[in-house]
Amino acid sequence: MTNIRNTRLDTPEESRPNAGLPSVHGPQVLTRDPRLLTGTVGGTTGGTTEHSGTPHTPALARSPQTLDLMLNMGPQHPATHGVFRMELAIDGEQVVDLIPHIGYLHRGSEKLCEHEIYSQIITLFDRLDYVSNFNNELGLVLAVEKLMSIEVPERASYIRMVLCELNRIASHLLFAGTFALDAGALTPSLYTFRDREKIQAIFEATSGARMMHNFFRVGGIKEDVAEDFGARVTQLLSELDRGIDEVDHILTFGEVFLARTKGVGVINGPDAVDWGLSGPALRASNVPYDVRVYEPYCLYDHVEFGVPVGSQGDTWDRYYTRILEMRESVGIVRQCLGQMKPGPIMAPLRRIARPPKGEVYAHAENPRGDFGVYIVSDGGEKPYRLKVRPPSYCNLMALRDLVVGQYIADAVVILGSLDIVLGEVDR
Amino acid sequence: MTSQDQAREAAQPRAASHEQPKPAAHGRGEAETIAPVHLTPKGEALAKLLPSALEAFHPVVGADIDEVTCRVPRESVAEACKVLKTDPRLTFDYLRLLTVVDYVAADHEFEAVYHIYSLEHRHKMVVKARTPESDPWFPTVTSVWRGADWYEREMHDLFGVDFRGHPDLRKLILPDDFEGFPGRKDYPLHEYDEY
Amino acid sequence: MADIALTVLGLAGLFAGLMSVVLALTWFERKLLARIQQRAGPSVVGPHGLLQPVADAIKLLTKEDLRPAEANRFLFWVAPIAVVIPAFLLWVTIPFADGLAVRAIELGLVYLIGLSVLEVVGLLLAGWGSASKYSMLGGFRAAAQLVSYEIPIIVVMIAVAILVQSVDLRHVVDGHTTTIAGRTISFAGQGGVPLALIMPLGLAIFFIAGLAELGRTPFDIHHAESEVVGGPFVEYSGAHWATFFLAEYMNTFFISALTVLLFFGGWSWPSFETILGDSAPAWIVNALGVAWFLAKIFVVAAVIIWFRGTYPRLRIDQLMSFGWQVLIPLSFANLILAAIVMYYRWPVWSLTLTSIPFLAGIGWFAFKRYADPRKVTTVRMYRRSTRADGEPALIPQERLVPQGVPPLNDRLVSQEPAR
Amino acid sequence: MINSWKALGVTLASFTRKKVTAEYPKEHLPVDERYMGFPALLWDSSRDEPFCTGCMVCVRYCPTQCMKAEMHDNPKFASGDSHRRKIIETFEINLNRCILCGICVDVCNFDAIEMSHEHELAGRGRNDQRVDLPQLLAMGRKYQTETGWKPSKPNALSPKEKEAQAAAAAAQASETPATPRPAPLITPATAPMTAVATASAAQLLDPATTVRPAHIPPAPDMGDSQDKEAAAG
């Protein structure tokens with residue numbers, strides 16, 4: 001059996017007989033690739049023995065006369081969360097093939113990093129995953145600190161954790177809202193944005209910016225938090241508790257929502273690991289892997305928290321994993337605020353970081369998954385090579401396997417459940 | 001010479017041979033310092049295990065800061081990775097990162113770097129291989145980890161490195177008709193024609 | 001001649017009235033939705049944004065009309081008209097108060113059934129004629145959805161007609177009494193009981209199918225923004241888009257009005273006559289009747305908007321299977337129940353009593369089958385732990401999730417983590 | 001079904017709650033103290049000149065190269081009124097490039113640049129986003145007035161002050177009773193900080209007292225009209 005993963009629609013344009021619909025020559029009609037008729041379409045694999053593959057119904061094996069419609073979703077489409085483009089081959093309402101196209105937001109960040117000193121790179125990292133900026137900054141400063149063997153003051157670590165966990169909540173709130181929009185519900189997005197706005201107000205009071213903070217520094221943070229920070233965050237957490245409950249009541253167990261998400265876009269654990277999924281998308285497939293537990297950074301080994309793990313690997317599990325993660329993050333923030341003591345917030349360092357020669361890989365658990373930074377340093381002020389492991393990028397790779405065989409409406413929901421941010425995918 | 005020094009020397013052959021690394025004095029003002037290596041016991045065990053497990057591929061085992069590195073000839077990268085994934089003592093089933101580093105200016109070589117992790121044994125390592133600039137190719141590892149798919153396509157875009165056997169090596173993040181390899185060091189940052 | 005003139009005048013008046021009501025409805029929807037979402041809603045043009053619909057209308061009418069180069073010119077321009085005309089003609093026979101209709105047709109229900117089916121043609125033409133894949137998909141979706149959901153609506157209407165023993169809309173409302181074998185049964189209207197109480201099952205089916213007929217959440221599948229980006233209307237702009245919009249709101253208003261007419265006693269008020277007395281002039285009675293009728297319609301519309309502000313959207317296959325497997329059988333069951341009650345001349349409350357178990361049973365079944373948190377919760381909390389070799393690990397926690405959801409049914413969770 | 005009813009309950013409950021949005025042109029949300037708006041140049045009212053000496057550190061470290069600066073010899077240094085040998089001549093920030101990261105503030109050694117609270121930056125013209133020195137100083141002055149900004153370190157002594165101090169020291173050393181001098185407007189650096197701060201803040205609060213050097217044209221009215229509108233509305 002051939003590996004249909006790559007057969008797709010990539011028959012060259014001229015060899016696609018444009019059977020066309022009468023009277024309208026807009027919709028372009030493609031012939032079915034005969035290899036798509038073997039019955040394992042959409043199976044994650046087509047045939048190789050190592051991969052078990054997600055079983056899809058052989059209902060997709062239809063008569064050879066059937067024609068597929070090519071539907072272009074994106075780069076400007078309400079459901080693609082940015083400038084992402086999917087080429088869908090559809091048979092009626094069912095997706096028989098999908099080609100993802102990325103790169104519309106490619107800014108060459110990694111190349112730019114090679115020309116910037118480390119303190120400037122932080123501003124570039126703000127703009128990778130632009131809904132969890134603190135987490136990105138953390139990934140970078142962790143890598144440089146590891147390279148330079150810097151001990152970060154305790155208070156700085158706690159402040160970093162508080163901000164990162166708040167950012168995780170903000171990111172997941174955004175996810176829940178946009179995911180509800182993908183599923184067709186208008187209101188939850190407004191509720192989650194309302195709560196996210198409160199978090200960002202705190203970010204603004206702390207770092208001076210709502211999103212592009214440039215707040216973490218190699219060796220610590222830019223400045224200490226304001227005096228009323230603890231009180232404000234405590235107040236915020238109780239409001240967040242209520243907001244998360246609201247999302248839970250309006251979406252999570254609603255019949256319509258369950259009908260849309262249960263059993264849709266299933267990926268099993270071994271496949272998820274093989275694709276390199278991470279974060280909630282991996283944990284939803286029953287793989288209990290969390291960087292905060294396995295390779296603790298900051299002071300995550302000083303706080304107690306749970307890690308929600310799904311068992312079905314479907315869209316609902318990916319959604320609910322995130323909802324539960326928000327509650328755990330609220331707990332982490334509470335503990336950090338309790339354990340925080342006054343103290344220095346920067347390690348004594350030169351203003352311009354000049355790491356030694358070496359190579360380092362450091363990673364942290366971002367809202368979207370395992371965010372890694374690989375730096376090759378030649379001993380200069382600028383990295384010789386910097387490469388990011390973007391979690392959205394890895395999660396998005398599996399999209400085709402998840403979508404093929406489902407309906408168009410499911411494609412939208414599945415894409416939403418992967419929670420991609422194109423700034424990070426394209427870099 | 002301790003085992004760590006040996007490991008570092010293996011990992012940084014050029015640094016060791018061309019210039020004498022200054023002993024353990026990384027700090028202000030020191031121009032050429034090298035990050036110290038401190039492996040965990042798990043990493044030490046892995047470093048001991050690797051030479052025998054990968055014997056057929058002539059591995060050079062070293063270490064970077066806290067990770068075991070293993071350099072193999074580029075022709076055998078895919079097979080070595082297969083062994084690393086399937087050997088029950090290793091089971092590196094999770095590809096974290098695949099990237100290419102441009103050492104053309106220094107050595108006329110590209111280096112492929114594979115950061116891998118084992119969810120079962122909870123250990124990590126780095127596989128490296130080098131290819132000459134004149135004929136840049138590596139065997140694909142998509143048959144080992146499917147997650148390597150887009151990484152290889154991206155590196156093909158940016159560095160012009162071929163990944164032989166990759167099932168679908170089209171452009172990924174650059175436009176289809178883009179010319180040049182913007183990841184390479186010799187590609188200018190500013191002075192290029194606007195696309 | 002005078003008759004024709006009167007009819008034309010009536011139609012013009014109806015059109016003007018409908019337009020103003022539709023504009024009011026758009027304002028109402030935006031404002032209500034905004035309140036549900038804790039926003040302000042339209043607030044700039046006029047007091048409380050009351051003139052916003054007027055501003056929108058002016059904007060839409062003065063906008064450029066675009067037609068895609070590939071589109072079929074005839075179909076593209078004729079589709080909005082094909083949608084709006086049936087939507088308008090439906091109103092010809094709707095009585096706003098006792099005897100206050102442009103043309104009170106005795107076969108009113110039959111007329112409504114016949115015309116309301118026509119709308120789908122316009123949507124299909126728009127979808128096909130736009131030469132856009134999104135609008136084509138939307139058009140097909142609309143066709144499938146609208147044709148399927150006609151059936152339960154029609155069957156419920158027949159059940160109502162059986163109960164009332166008439167297909168004249170006035171009879172449904174105005175306390176029409178049926179005398180069967182010397183026994184007088186009064187269903188609705190002044191002093192009577194609204195049909196909603198007699199046939200709650202019918203009301204539920206009618207309302208749900210009505211939502212689907214309108215393409216309102218949770219059945220807004222044919223113009224789902226996140227999937228087909230507006231469906232049949234995606235290529236339209238300016239006045240033609242406004243025409244679709246107008247038709248859509250007219251239909252929303254129509255379904256609300258029909259719900260009120262059939263199930264909530266139309267313009268009638270339980271103690272209408274006792275307040276006014278017999279001496280009140282007819283125009284006052286009529287004006288009050290119209291006002292009361294409109295108020296009821298807006299309440300029903302508010303419920304529709306409330307649903308829109310709350311629910312996600314179903315998928316097309318789920319919509320179809322819900323229609324064919326649940327609503328249509330139920331509507332026939334309702335019809336048969338009504339027929340039995342009428343045939344054996346059981347008291348009307350027996351119909352209520354038989355309807356309620358149906359509703360409750362379906363609700364319970366849906367809950368147990370689809371939404372019982374104990375069954376659907378497949379996510380489990382893991383805690384940090386240390387393995388035998390000293391490595392960190394995550395192990396399942398005894399207690400499941402916060403907020404007191406009972407422990408998970410173990411059947412649904414594999415005991416061992418994957419790796 | 002129960003869950004769907006619960007969802008309806010949530011939306012109904014929030015129907016009764018207060019709205020959380022602010023209608024922007026009518027209402028302005030308060031700006032946080034640390035808010036990083038557009039970078040502005042600060043005015044040293046004790047010396048009556050900008051703090052900025054045009055040392056180009058911010059220009060070099062700007063990650064987006066959004067700044068341009070030129071320095072020249074400070075005429076006030078020549079006349080002995082200022083301790084700054086060089087002073088800024090032209091300065092331009094291109095808002096289209098600026099990413100409001102605050103690195104320029106971090107690297108500045110002279111308290112010369114600060115992230116102001118200026119955030120309404122829309123413009124109509126092609127060059128409206130290129131802000132020159134007078135505008136930057138006007139922004140900075142507004143920021144100083146609004147927030148009561150204080151320099152983190154006192155000024156060094158100007159040549160005249162040095163002379164005066166030396167003379168005073170000499171006078172003290174010789175213990176000859178000197179003729180009473182008029183109290184200097186600027187408290188010397190050895191005095192407590194608060195004295196300087198109050199003096200400069202008092203001056204700053206009255207824009208009329210700020211005398212502009214001849215080579216800097218009067219700054220356009222930035223933001224004041226908006227305030228008036230806001231007060232009127």
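Author: In this predicted model, the axes of helix α1 (residues 2–36) of chain C and helix α1 (residues 2–15) of chain D cross at roughly 95°. An angle from 65 to 115 degrees counts as roughly perpendicular, and α1(C) and α1(D) are therefore roughly perpendicular to each other. The two axes come within 7 Å. On the side of α1(C), the contact is made by Leu32(C), Arg35(C) and Ile36(C); α1(D) contributes Thr11(D), Ser14(D) and Phe15(D). Sorted by class, this contact of α1(C) with α1(D) has 3 nonpolar, 2 polar and 1 charged residues.

Chain C also meets chain A, where 56 residues of chain C are in contact with 76 residues of chain A. The size of an interface is often given as the accessible area lost when the parts come together. For chain C and chain A, the buried area is about 5,500 Å², with 60% of it on carbon and sulfur atoms. Three residues, Lys133(C), Arg315(C) and Arg384(C), supply 13% of the area that chain C buries against chain A, which is more than any other three residues.

Polar links between chain C and chain A are also counted. There are 5 salt bridges between chain C and chain A, and 17 residue pairs are in polar contact, both residues being at pLDDT 80 or more. In one salt bridge, the side chains of Arg260(A) and Glu227(C) meet with N to O at 3.8 Å. Several elements give two or more residues to the side of chain C that touches chain A, among them α1, α6 (133–164), α14 (316–344) and α15 (349–371) of chain C. The element α10 (225–228) of chain C is also included, as are the strands β3 (379–386) and β4 (392–396). The element that gives the most to this side is β3(C), with 6 residues. By class, the side of chain C that touches chain A has 30 nonpolar, 11 polar and 15 charged residues.

Chain A has a further interface, with chain D. This contact takes 35 residues from chain A and 25 residues from chain D. Between them, chain A and chain D bury about 2,400 Å², of which 47% is on carbon and sulfur atoms. Across this interface there are 3 salt bridges and 10 residue pairs in polar contact, both at pLDDT 80 or more. Glu246(A) forms a salt bridge with Arg17(D), and the closest N and O atoms of that pair are 2.7 Å apart. On the side of chain A that touches chain D, two or more residues come from each of α2 (118–126), α5 (187–207) and α6 (229–252) of chain A. The largest share, 8 residues, comes from α5(A). By class, this side of chain A has 11 nonpolar, 11 polar and 13 charged residues.

Over all chains, the count of salt bridges comes to 67. One salt bridge within chain A joins the side chains of Glu114(A) and Arg385(A), at 3.8 Å from N to O. Glu114(A) lies in the loop between α1 (109–113) and α2 of chain A, while Arg385(A) belongs to strand β10 (residues 385–389) of chain A, so the pair ties together parts that are 271 residues apart in sequence.

How values were computed:
Residues are numbered from 1 along each chain as its sequence is written. Chains are lettered from A and ligands numbered from 1 in the order in which they are written. This is a predicted model: local features need pLDDT of at least 70, side-chain atom pairs count only at pLDDT 80 or more; totals for chains, interfaces and linings use all residues. Side-chain values use heavy atoms; hydrogens and water are left out. Contact means heavy atoms within 4.5 Å. Buried area is the accessible area (1.4 Å probe) that two parts lose on being put together, summed over both. A salt bridge is a side-chain nitrogen of Lys or Arg within 4 Å of a carboxyl oxygen of Asp or Glu. A polar contact is a pair of N or O atoms within 3.5 Å; within protein, one must be able to donate a hydrogen and the other to accept it, and residues adjacent in sequence count only if both atoms are side-chain atoms. Helices (H or I, at least four residues) and strands (E, at least two) are DSSP runs, numbered from the N terminus. Ala, Val, Leu, Ile, Met, Phe, Trp, Tyr, Cys and Pro count as nonpolar, Asp, Glu, Lys and Arg as charged, and the others, Gly among them, as polar. Axes are lines fitted to C-alpha atoms, for helices over the stretch in contact, and angles run from 0 to 180 degrees between N-to-C directions. Angles under 35 degrees count as roughly parallel, over 145 as roughly antiparallel, 65 to 115 as roughly perpendicular and the rest as oblique.
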